[in-house]
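Hi,

Here is the structure I promised to pass on. Have a look at it first, and then read my notes below.

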Amino acid sequence: MKKTILISGAGIAGPTLAYWLEAGGFEPTLIEKAPSLRSGGYVIDFWGLGYDIAERMDLLAAVDRAGYRVKELRIVGDGGQRIAGFGTSVFQELTGGRYVTIARSALSRLLFEKAKGSSEVIFGTEIKGLHQDEGGVDVQLSDGTERRFDLVIGADGLHSGVRRLVFGPQERFEKQLGYVVAAFEAAAYRPRNEDVYLLYSQPGRMLGRVSLRDDRTLFLFVFACDPQSLPETREAQKAFVRRRYADANWECAAILRELDRTDDLYFDRVSQIRMPQWSQGRVALIGDAAFCASLLAGQGSALAMISAYVLAGELAKAGGQYQAAFSAWEAKLRSFVQDKQEAAVRFAGAFAPRTRWGLAFRNLVVNALAIPGLSRWSIGRDITDKISLPDYSWRR
Ligand SMILES: Cc1cc2nc3c(=O)[nH]c(=O)nc-3n(C[C@H](O)[C@H](O)[C@H](O)COP(=O)(O)OP(=O)(O)OC[C@H]3O[C@@H](n4cnc5c(N)ncnc54)[C@H](O)[C@@H]3O)c2cc1C
């Protein structure tokens with residue numbers, strides 16, 4: 001009989017895992033707390049091993065169709081004038097054209113479409129309790145049902161419920177990086193700058209604007225904020241952002257008016273998750289649930305997909321012997337992930353510098369990236385993944 005595996009979370013890691021588990025001969029069930037796939041949110045840069053996995057899932061054409069080729073990063077001043085920036089062709093050169101900017105929700109949907117045909121899928125449901133014994137895991141679901149699975153995998157993101165139930169409270173594993181992020185999309189915003197990522201920043205706060213298809217525009221706020229309890233309701237979150245940007249120049253006043261109108265706001269603190277171990281008995285965590293590297297790593301989705309692919313591969317290789325598979329999987333990925341997390345912490349100061357000096361220095365560095373040889377050297381170090389994807393013998 002096939003081993004049954006419950007996956008909690010249908011974001012990036014969850015559907016990728018479901019797809020590859022089925023290819024490895026397992027029977028996956030995917031449950032998602034939200035009533036349907038999450039839409040809106042923010043855009044991500046996508047390349048490297050994540051892109052390679054998308055190719056192995058036959059998704060490249062669709063990813064490229066849904067994605068954007070941003071040509072320039074432009075830092076603007078109070079009046080919208082260019083004060084620093086560089087052409088992003090260096091990313092295309094270094095990755096051989098395998099680099100795309102895509103809405104997180106679009107990537108999630110493409111992965112989900114691939115997985116859903118061969119997995120049981122349950123929306124609007126989450127795990128309320130679980131108990132493991134030698135033969136399996138009994139799971140209580142929020143719809144009132146109880147089921148038993150061979151394994152349970154938490155792919156439920158930064159605020160993972162599986163992590164809390166099995167490993168303990170989030171505070172034990174969370175490293176707050178001292179920033180808050182908010183993002184939303186608006187329709188028919190003007191001005192537009194096609195294929196340009198505009199960034200307005202002042203000490204301790206930045207605001208990005210990206211023009212999307214169908215006359216939509218994405219706005220991304222990142223601002224320094226010492227750890228404290230953040231507002232939870234949408235209106236209170238909007239008010240929190242508004243206060244932080246009320247006296248800022250550039251297009252801030254117009255963008256804050258758009259913020260007032262939106263009913264789909266992504267709002268969270270910028271944090272990493274660092275755990276001594278990614279599994280306990282028959283339960284494991286993947287993606288942000290296990291090792292969120294934060295938006296500052298610029299590669300969280302790829303890491304989520306890599307952890308899913310390698311976990312499914314190791315389980316298939318070990319014939320379902322989960323202890324052996326979990327150990328091999330973690331041994332393959334732990335130091336790779338740790339390096340990405342450390343790089344993200346180093347980058348934090350450059351992303352939204354807290355002082356005028358920091359800002360001036362960051363702009364100098366950004367301008368230096370316009371120098372071809374220098375950009376290849378400095379970006380090249382961080383853009384290349386230091387491991388390669390293992391090949392497993394999949395059923396398909
Ligand atoms: C502003 C921003 C910019 C980013 N930029 C990039 C980038 O440029 N490149 C990049 O690669 N990455 C980027 N990332 C990171 C990337 O988005 C994440 O690392 C990635 O989405 C992690 O995938 P995941 O599947 O682990 O978690 P998620 O994508 O967060 O998915 C988790 C899923 O679990 C569901 N869920 C939550 N709780 C439960 C529960 N209790 N039960 C069931 N389901 C639950 C959620 O609804 C969601 O569908 C960025 C992140 C942010 C915030």
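This is a predicted model: local features need pLDDT of at least 70, side-chain atom pairs count only at pLDDT 80 or more; totals for chains, interfaces and linings use all residues.

You'll find Thr 95 in the loop between α4 (89–94) and β6 (99–103). Its relative accessible area is 14%, and since buried means under 20%, Thr 95 counts as buried.

Glu 258 is another one to click on. It sits in helix α8, which covers residues 252–261. Glu 258 has a relative accessibility of 14%, so it is buried as well. If you set aside its neighbours within four places in sequence, Glu 258 is in contact with Phe 184, Ala 186 and Tyr 189.

While you're at α8, look at how it packs with helix α7 (residues 234–245): the two axes come within 10 Å and cross at roughly 175°. Angles over 145 degrees count as roughly antiparallel, so that is the label for α7 and α8. On the α7 side, the contact is made by Lys 238, Val 241, Arg 242 and Tyr 245. From α8 come Cys 252, Leu 256, Leu 259, Asp 260 and Arg 261. Sorted by class, this contact has five nonpolar and four charged residues, with no polar ones.

Is Asp 391 buried or exposed? It is exposed, because its relative accessible area is 66% and the cut-off for exposed is over 50%. Asp 391 still has partners from elsewhere in the sequence: it touches Arg 56 and Tyr 309, not counting residues up to four places away.

Last, the second largest pocket. How much space lies in it? About 340 Å³. The lining of this pocket comprises 14 residues, and those nearest its centre are Tyr 68, Ala 103, Glu 185, Leu 212 and Arg 216. By class, the pocket lining has six charged, five nonpolar and three polar residues.

Best wishes

Note on methods: Residues are numbered from 1 along each chain as its sequence is written. Side-chain values use heavy atoms; hydrogens and water are left out. On a 1 Å grid over the protein atoms alone, a cavity is a set of points where a 1.4 Å probe fits but cannot get out, and a pocket is an open set with protein on both sides within 12 Å along at least five of seven lines; lining residues have an atom within 4 Å of a point. Grid points are joined across faces, edges and corners, and a volume is the space filled by probe spheres set on the points. Ala, Val, Leu, Ile, Met, Phe, Trp, Tyr, Cys and Pro count as nonpolar, Asp, Glu, Lys and Arg as charged, and the others, Gly among them, as polar. Helices (H or I, at least four residues) and strands (E, at least two) are DSSP runs, numbered from the N terminus. Buried means under 20% relative accessible area, exposed over 50%, partly exposed in between (1.4 Å probe, protein chains only). Contact means heavy atoms within 4.5 Å. Axes are lines fitted to C-alpha atoms, for helices over the stretch in contact, and angles run from 0 to 180 degrees between N-to-C directions. Angles under 35 degrees count as roughly parallel, over 145 as roughly antiparallel, 65 to 115 as roughly perpendicular and the rest as oblique.
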